[in-house]
Amino acid sequence: MKKALILLMLVVPVLVSAQGRARNVVLVIADAGGLGTLTAASLHATGTSRGLFVQSLPHVGLSDTSTASQIVTDSAAGMTAIVTGQKTHNGVISQAADTVKGQADGTALKTILEYAEQHGLSTGLVTNDSLYGATPAALYAHANDRAQSAVIFRQAFAPRFGDGVDVMIGPGRAALTRSLAAAGTSLEALSSGAGRPIHGSLAEVPADARRAIVLLDSSAFDIQEAALAAQKILARNKKGYFLMVEGDTHTDNVRQGLDRMVALDKAVAALSKVIGRDTLLVFTADHSFDLALRAGRLGAPLLEGLEAEQARAEEEKRRNIRIPTIRMDNGHTGEPVMVAATGPGAERVRGYMRNTDIFGVMLQAFGWRADDAPSGRQ
Ligand SMILES: [Zn+2]
């Protein structure tokens, strides 16, 4: 009895501290992965409406997705809110609401990735959109217009904190080559200037790498393989890491969007097996998309008639889709999205949150305080 008590006294503080702080944070963004898309992907893949791994995460909340000025967000303002804790306007990359899009820079907002760099952690991002796309860009760049791809990507090589993003894996090589040329520079110049190779495939990354940039030609790669590779590299830093994984789940192409949500879900399940108990895993969407479930029988194929309807839509030059089970009107929508989490600090994901609250969840899990937070006494 006494022995058991002593053992308990030794174990409890360890458990408490392990629960309190996260060594690592993994943020997974289903871009445009609203509740309609999430549910449809589950039905499409499993025949049930809650069959995805992310639907089994223990802590769940809803997140409002409005911007500083608009009801419906784009990926730039949406991701800025999630990774800086402050809302801005559509099109703006991690600059405050004093920005005039495309015309005048606003106040640069410090991102969760920059906090991690400042604290000596390793940082990384994986995306099947593009490395200079609004979602990853909001982590490492500050720009008054998401369209400035050369301006944005160059900032990955001129970090404000630490040594900048350690791992970047994603497509966009052709478009980036063109926009860098138009800006009077090149991938080669960025690479040699920073002393960092820009690889063309995962296979080129050295086995013991602690940093890696992989710029792919196409979005048709295995996101699970890429996410696991990034995690493995980042986990070599004993201080910890921050990793963001983005899956493009826009359902303007319904089947591709749902398949990508299923692939992202599998990647999250695989990540959850390797990240360890000292890692906070957060899954959310930057905004929803106008896809709704209309009818249908549980267990029946969800997308019957889709290809014929797509052919009709193309012929009639319309961008919406109507099949018995699904209505898709091509665009972002403003309703809340799911936030789900597990690991240290995940209990702060609950209720009807602001998208900016997700930044605080991650920052507090690391045990850090925002630079502009009140210093305690008030
Ligand atoms: Zn988006």
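Helices (H or I, at least four residues) and strands (E, at least two) are DSSP runs, numbered from the N terminus. The views below show a predicted model.

**Figure 1. Four residues hold the zinc ion.** The zinc ion is coordinated by Asp31 (OD), Ser75 (OG), Asp286 (OD) and His287 (NE2). The distances run from 1.9 to 2.1 Å. What is the geometry of the site? It is tetrahedral, with angles of 98 to 124° among the 4 donor atoms. For comparison, the ideal angle for four tetrahedral donors is 109.5 degrees.

**Figure 2. Leu27 sits in the largest nonpolar core.** This core has 56 residues. Which members touch the most others? They are Leu27, Tyr140, Phe153 and Phe242. Helix H12 (residues 357-366) supplies the largest share of the core, 7 residues. Look at Leu27 up close. Setting aside residues up to four places away in sequence, Leu27 touches Met79, Ile82, Val83, Phe242, Leu243, Met244, Val245, Val282 and Met362. A second, separate core has 51 residues. Among its members are Ala40, Val126, Ala212 and Ile326.

**Figure 3. Helix H12 is mostly covered.** How many of the 10 residues of H12 are buried? The count is 8. They are Ile358, Phe359, Gly360, Val361, Met362, Leu363, Ala365 and Phe366. One of them, Met362, is also a contact of Leu27. Follow the chain past the helix. Just after H12, Gly367 takes a positive phi of about 85°.

Figure 4. S2 spans residues 59-64. With strand S12 (residues 337-342), S2 pairs in the antiparallel sense over 5 bridges. Within this pairing, Val60 stands opposite Ala340. With strand S13 (residues 351-354), S2 runs parallel, and 4 bridges join them. Here the bridge partner of Ser63 is Met353.

**Figure 5. Ser63 is buried in strand S2.** Ser63 belongs to S2. Its relative accessible area is 1%, so it counts as buried. What does the side chain of Ser63 reach? It reaches the backbone nitrogen of Asn355, at 3.4 Å. Leaving out residues up to four places away in sequence, Ser63 touches Pro336, Val337, Val339, Met353, Arg354, Asn355 and Ile358. Ile358 is one of the buried residues of H12.

**Figure 6. Ala346 is a buried loop residue.** Where does Ala346 lie? It is in the loop between S12 and S13. Its relative accessibility is 0%, so Ala346 counts as buried. Neighbours within four places in sequence aside, Ala346 is in contact with His59, Leu280 and Ala341. Now compare its position with that of Phe153.

**Figure 7. Two loop residues have positive phi.** Ser94 and Lys317 are the pair to find here. Phi of Ser94 is near 45°, a positive value in a residue other than glycine. Ser94 lies in the loop between H3 and helix H4 (112-118). At 0% relative accessibility, Ser94 is buried. Phi of Lys317 is near 55°, again positive in a residue other than glycine. Lys317 belongs to the loop between helix H11 (306-315) and strand S10 (321-322). Is Lys317 buried or exposed? Its relative accessibility is 75%, so Lys317 counts as exposed.

**Figure 8. Gln256 is partly exposed.** Gln256 is in helix H10 (residues 254-274). At 38% relative accessibility, Gln256 counts as partly exposed. Ala77 is 179 residues from Gln256 along the chain. The C-alpha atoms of these two residues are separated by 25 Å.

Note on methods:
Residues numbered from 1 in each chain as written. Predicted model: local features only at pLDDT ≥ 70, side-chain atom pairs only at ≥ 80, totals over all residues. Heavy atoms only, no water. Donors = N, O, S within 2.8 Å, 3.2 Å for Na, K, Ca; no water. Tetrahedral: all angles 85-135°; square planar, octahedral: opposite > 155°, others 65-115°. Core = buried A, V, L, I, M, F, W, Y, C linked by side-chain atoms within 4.5 Å. Buried < 20%, exposed > 50% of the residue type's maximum accessible area, 1.4 Å probe, protein only. Contact = heavy atoms within 4.5 Å. Polar contact = N/O pair within 3.5 Å; in protein donor to acceptor, adjacent residues only side chain to side chain. Pairing = 2+ DSSP bridges.
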